[in-house]
Amino acid sequence: MSIVVQGVTKLYGEQKALDNVSFEVKKGEIVGFLGPNGAGKSTMMKIITGFIPASSGRVNVNGLPVEADSLEVKKQIGYLPENNPLYPEMYVREYLGFVASIYNTGISKLKQINNIIDLTGLAPEQNKKIGSLSKGYRQRVGLAQALIHNPGVLILDEATSGLDPNQIVEIRNLIKEIGKEKTVMLSTHIMQEVEAICDRVIIIDKGVIVADEEKSKIYSKIKRPNQIIQVEFDKDTLDSSLAEIANVSNIKKIQNNIWLIEAEGDEDIRPSIFNFAVKNNLTVLSLLKQESNLEDVFRDLTNG
C-alpha cells in the first residue's frame with residue numbers, strides 16, 4: 001500500500017478534528033476524499049504529508065512511518081495545498097528550478113524542468129512571471145511543483161478550485177494521466193470531478209469516515225427507493241390511478257401533467273407506466289429514470 005492510515009486522531013485543544021480514522025490507498029489508485037467544510041479533510045492530508053503530527057495513530061507512506069521519518073516521506077510525496085502558495089514575482093522556469101533544487105533526485109535540474117513543463121502544458125507561459133498568469137496556469141504551476149521530483153504519491157487539495165469549465169477538464173485529464181502510475185488522493189467539493197476521474201471514494205464527516213467504497217459501489221450507500229421515474233403525460237390524471245401500478249410506493253405531482261413516481265423492487269416499472277397510459281388513453285411525452293449520483297450519496301451521508 002502507498003498510504004496506510006491506522007487509527008489517526010487529531011485534537012486541537014478539546015476539539016477533535018479526526019476521530020480514529022483508518023484507510024489504505026494502493027499504488028495506481030485515484031481516491032476522492034470528500035467531506036463538508038470542517039470535516040477534517042485538510043487536517044488528514046497535512047498529517048499524511050508530515051506538515052502536522054497526529055495526536056495518536058500511525059501513518060505510513062510507501063512503507064515509511066511519517067512521524068519517525070518525516071523528511072524522507074516528504075521526498076516521496078507531491079503536495080498541492082488548497083491555497084496553492086506560489087511566489088508571484090518569480091518567473092515560471094525560475095520557480096520550478098528553485099523547487100527542483102530542493103530535491104536531490106539525481107536528475108539534471110534542466111531535464112526536470114523541461115519534463116514537467118511538457119507534462120503540465122506550461123510551455124506557452126514558461127517565461128512569464130507567475131503573478132501575471134491566469135488562475136488556470138497558476139494551478140498548473142502548483143501541479144508542476146508537486147510533480148517535479150517525480151513522487152510516487154500525489155496529494156491534491158481542491159486542485160481545480162476557481163477554474164473555468166475548460167480549465168477544469170484540462171486539469172482532470174492531467175490528473176487521470178498522472179494517476180496511471182502514481183497514487184493520487186484528491187480532495188474536492190466538485191462531485192462531478194470525483195465521478196469523472198476517481199476509482200474510489202472516501203467520505204469523512206465530523207472527523208469520522210462514513211463511507212469508503214469503489215466508485216461503482218458507493219451509490220448503494222444512499223437511502224432511497226430502488227427506482228425514481230419522472231413521467232410527463234399529455235393530460236392530467238389522478239394520484240390514486242397511478243398508485244395502482246405494481247410496486248409503486250410514492251407519487252408526487254411536480255407540475256401539471258408531470259409526475260415523480262417512486263417504486264420498490266428491481267423490476268423496471270417503465271413498461272407498466274406505458275401500459276397504464278394506454279389503458280387510460282394518455283400519451284407519454286417523456287419518461288426519465290433518475291439515477292443516483294454522488295451528490296445524493298454525499299448529502300445523505302453527511303446530513304446535507
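Predicted model: local features only at pLDDT ≥ 70, side-chain atom pairs only at ≥ 80, totals over all residues.

Guide: One definition is required at the outset: axes are lines fitted to C-alpha atoms, for helices over the stretch in contact, and angles run from 0 to 180 degrees between N-to-C directions.

Visitor: How is helix 5 oriented relative to helix 6?

Guide: Helix 5 (residues 135–147) packs with helix 6 (residues 165–178) at an angle of about 15 degrees, their axes being 10 Å apart. Angles under 35 degrees count as roughly parallel. Helix 5 is therefore, relative to helix 6, roughly parallel.

Visitor: Which residues of helix 6 meet helix 5, and how does the contact divide by class?

Guide: On the side of helix 5, the residues are G136, R140, L143 and L147. Their partners in helix 6 are Q167, E170, I171, L174 and I178. By class, the residues of this contact between helix 5 and helix 6 are five nonpolar, two polar and two charged.

Visitor: Is R172 buried or exposed?

Guide: R172 is found in helix 6. Leaving aside neighbours within four places in sequence, R172 is in contact with I190, Q192, E193, A196 and I197. Buried means under 20% relative accessible area. Because its relative accessibility is 16%, R172 counts as buried.

Visitor: What is the handedness of the crossing of helix 3 and helix 4, and which residues of helix 4 take part in the contact?

Guide: The crossing of helix 3 and helix 4 is right-handed. From helix 3, the contact involves R93, L96, G97, A100 and S101. These meet, in helix 4, K109, L110, Q112, I113, N114, I116 and I117.

Visitor: Which residues touch the most other members of the largest nonpolar core?

Guide: The largest nonpolar core has 45 residues. One of those touching the most other members is L96, whose contacts, not counting residues up to four places away in sequence, include I113, I116, L122, V141 and I148.

Visitor: Is V92 buried or exposed?

Guide: V92 has its place in helix 3. Leaving aside neighbours within four places in sequence, V92 is in contact with L122, E125, Q126, K128, I130, L133 and V141. Because its relative accessibility is 0%, V92 counts as buried.

Visitor: How many residues of helix 1 are buried?

Guide: Helix 1 (residues 41–48) has eight residues and is mostly covered. Those buried are K41, T43, M44, M45, I47 and I48. The number of buried residues in helix 1 is six.

Visitor: What is phi of N247?

Guide: N247 has its place in the loop between helix 8 (239–242) and strand 12 (248–255). At 43% relative accessibility, N247 counts as partly exposed. Although N247 is a residue other than glycine, its phi is positive, near 75 degrees.

Conventions. Residues numbered from 1 in each chain as written. Heavy atoms only, no water. Left-handed = near helix turned anticlockwise from the far one by under 90°. Helix = DSSP H or I, 4+ residues; strand = E, 2+ residues; numbered from the N terminus. Contact = heavy atoms within 4.5 Å. Core = buried A, V, L, I, M, F, W, Y, C linked by side-chain atoms within 4.5 Å. Buried < 20%, exposed > 50% of the residue type's maximum accessible area, 1.4 Å probe, protein only. Parallel < 35°, antiparallel > 145°, perpendicular 65-115°, else oblique. Nonpolar A, V, L, I, M, F, W, Y, C, P; charged D, E, K, R; others polar.
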